[in-house]
Every structure is written in structure tokens, then in C-alpha cells.
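Open the model in your viewer and keep the selection tool at hand.

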Amino acid sequence: MLPLIQKTLAMLIMPLGLLWLLLLGMALWSWRLRRPGFASLLSLVWVLFTLAGNPWIGQRLTAHVERTILATNPESTRVFDAIFVLGGGTDLSPQGQPQMGM
């Protein structure tokens, strides 16, 4: 649980995390000041910003591109001239095999 909290706090103090928090704070403050027009606009911008940064939505949007790439066993003896990594990290597949992750 502690690594999850650390990762969340680290994401929130990065520039986009601070912008996300600022938008949320401004929207809540506008609602408190009873400015429904401006508060609604800020709330809409905050929701769109939240959806744009959501990893599950990002995965669904990029899934059709990634489906065209054949899966490769990283333990194969095949030699590659180059490897392009478009996302970060590694992960384990449901079968326990190493795979590239997000």
C-alpha cells in the first residue's frame, strides 16, 4: 500500500498533477462563491483533463494500434538490430512470461 501512496503523491507534485489539483481547487472555489457558469466551465475542463490522463482510457484508445504488433518472446535467441520502446517498463503476462508494460 505504501508504494501506491508514494507513487500517487509523486504524480500529484509533478506539473500536470499540480495543474489538475489547481483546476479542481478553482472549480470547487467557484462553486463555493456561487458562480455557476464559471464553475461549470472549470468542472468540465477538469473532467476532460482527468479523462485525458486516465490510463484505462489511454489503453483503450491505443489498443487498436498495438493489436497489429506481433507478440515476441523476449527470451528467444533471435537477435534484433534495434528495439523501439514506446511506453515504459516491463510486466508479467497472465502466464508468468515477461512482457513490455505501460
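A residue counts as exposed when its relative accessible area is over 50%, as buried when that value is under 20%, and as partly exposed in between. The model shown is predicted.

**Stop 1: R34**

Select R34, which sits in the loop between α2 and α3. Is R34 buried or exposed? Its relative accessible area is 73%, so R34 is exposed. Now check the backbone: phi of R34 is near 60 degrees, a positive value in a residue that is not glycine.

**Stop 2: the whole chain**

Zoom out and colour by secondary structure. The chain comes to four helices and two strands. Read from the N terminus, the order of the elements is α-α-α-α-β-β. Colouring by accessibility is also of use here: of the 102 residues of the chain, 8% count as buried.

**Stop 3: the nonpolar patch**

Select L16, L19, L22, M26, F38, L41 and V45 and show their surface. Together these residues make a nonpolar surface patch of about 620 Å². Which of them gives the largest share? That is α2, with four residues.

The relative accessibility of F38 is 40%, which lies between the limits for buried and exposed, so F38 counts as partly exposed.

**Stop 4: the second largest pocket**

Clear the selection, then pick M11, T50, G53, N54 and P55. Of the 17 residues that line the second largest pocket, these lie nearest its centre. The space in this pocket is about 860 Å³.

Where does the lining come from? At least two residues each are supplied by α1 (2-13), α2, α3 and α4 (55-66). The element that gives the most to the lining is α1, with five residues.

Finally, colour the lining by residue class. In this pocket the lining divides into 10 nonpolar residues, six polar ones and one charged.

Notes
Residues numbered from 1 in each chain as written. Predicted model: local features only at pLDDT ≥ 70, side-chain atom pairs only at ≥ 80, totals over all residues. Heavy atoms only, no water. Patch = residues over 30% accessible without salt bridge, like charges linked within 9 Å, V, L, I, M, F, W, Y side chains within 5 Å. Areas by Shrake-Rupley, 256 points an atom, 1.4 Å probe, with all protein chains shown as cover. Salt bridge = Lys/Arg side-chain N within 4 Å of Asp/Glu carboxyl O. Buried < 20%, exposed > 50% of the residue type's maximum accessible area, 1.4 Å probe, protein only. 1 Å grid on protein atoms, 1.4 Å probe; cavity = no way out; pocket = protein on both sides within 12 Å on 5 of 7 lines; lining within 4 Å. Points joined across faces, edges and corners; volume = space filled by probe spheres on them. Nonpolar A, V, L, I, M, F, W, Y, C, P; charged D, E, K, R; others polar.
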